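Please open the structure in your viewer and keep the sequence panel beside it. The stops below each begin with a selection and then describe what is found there.

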Amino acid sequence: MSCPEFTEDDLLPVSGLAHVVFCARRAALHHLEGQWEDNLLTVEGGHTHDRAHEGPRREVRGDLLIVRGLRVRSFRLGVSGVCDVVEFGRDEQGVELTGREGRWQPFPIEYKRGRLRHEPSYRVQVCAQAMCLEEMLGCSVPAAALFYAKTGRRQKLDLTAELRADTCHAARRFHEIMAAGRTPPPEPGPKCEKCSMAPLCLPRTALGPRSASSYLASVLANGNERAR
Ligand code: SF4
């Protein structure tokens, strides 16, 4: 699947792709309306990311160069952000890096809280990071990993054509949501139980396509009874 080309001004946060895959409304509440609500899961997730960035920015362990907090972008996907960790392994098939001898193969690793699980939104997020690295370095990144902090387990992912197509689709959807300027309606389901935005989203009410911010504005202006 081909993706459109974007400019620097169009770039959206790569982390937002995980929100889009999880729930388009969640993505819009956060990135379009600027709203955010933490719960225990998001707080723990934030701490996990903070820990991922602890330690030296660059570290060499044998034939491995470890870079933390690497800023990346893709004009093809229209996203930019920061990789928790990118490991560059010495590899004849890899790329040359400024100031380093030899060739190196990048391998992005995204840190997540909790235990290993199948979470499509995480896969798309780290695949997007890999596609950013491919575009920036002019190389192929066939694999990446998710690291689960609670168990210390690393889940290796093959970046298949299907996952790449899902990533392009999520990026396109993210740009469509932002361009439309409208928050999609709720998608009530089991996922809402672990979604930190539920108090703002009110997924099981009859809000329909109205944005949470317009709802809150009308509550403040008119009182609860007249806001519906
Ligand atoms: S509460 Fe449910 S519908 Fe609302 S943003 Fe979260 S996942 Fe989406």
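**First stop: helix α2**

Select residues 24-31, helix α2, where seven of the eight residues are buried, so that this helix is largely enclosed by the rest of the structure; buried means under 20% relative accessible area, exposed over 50% and partly exposed in between, with a 1.4 Å probe and protein chains only. Its buried residues are Ala 24, Arg 25, Arg 26, Ala 27, Ala 28, Leu 29 and His 31. Before going on, note that this is a predicted model, in which local features need pLDDT of at least 70 and side-chain atom pairs count only at pLDDT 80 or more, whereas totals for chains, interfaces and linings use all residues. Residues are numbered from 1 along each chain as its sequence is written, and side-chain values use heavy atoms, with hydrogens and water left out.

**The whole chain**

Now show everything: the protein has seven helices and seven strands, taken as DSSP runs (helices H or I, at least four residues; strands E, at least two) and numbered from the N terminus. Read from the N terminus, the order of elements is β-α-α-α-β-β-β-β-α-β-β-α-α-α. Of the 228 residues, 48% count as buried.

Next, select Arg 58, Leu 70, Phe 88, Leu 97 and Leu 137, which of the 13 lining residues are the closest to the centre of the second largest pocket. A pocket is an open set of points on a 1 Å grid over the protein atoms alone, with protein on both sides within 12 Å along at least five of seven lines, and lining residues have an atom within 4 Å of a point. The elements that give two or more residues to this lining are β3 (64-74) and α4 (120-137), and the largest share, five residues, comes from β3.

**Last stop: α4**

How values were computed. 1 Å grid on protein atoms, 1.4 Å probe; cavity = no way out; pocket = protein on both sides within 12 Å on 5 of 7 lines; lining within 4 Å.
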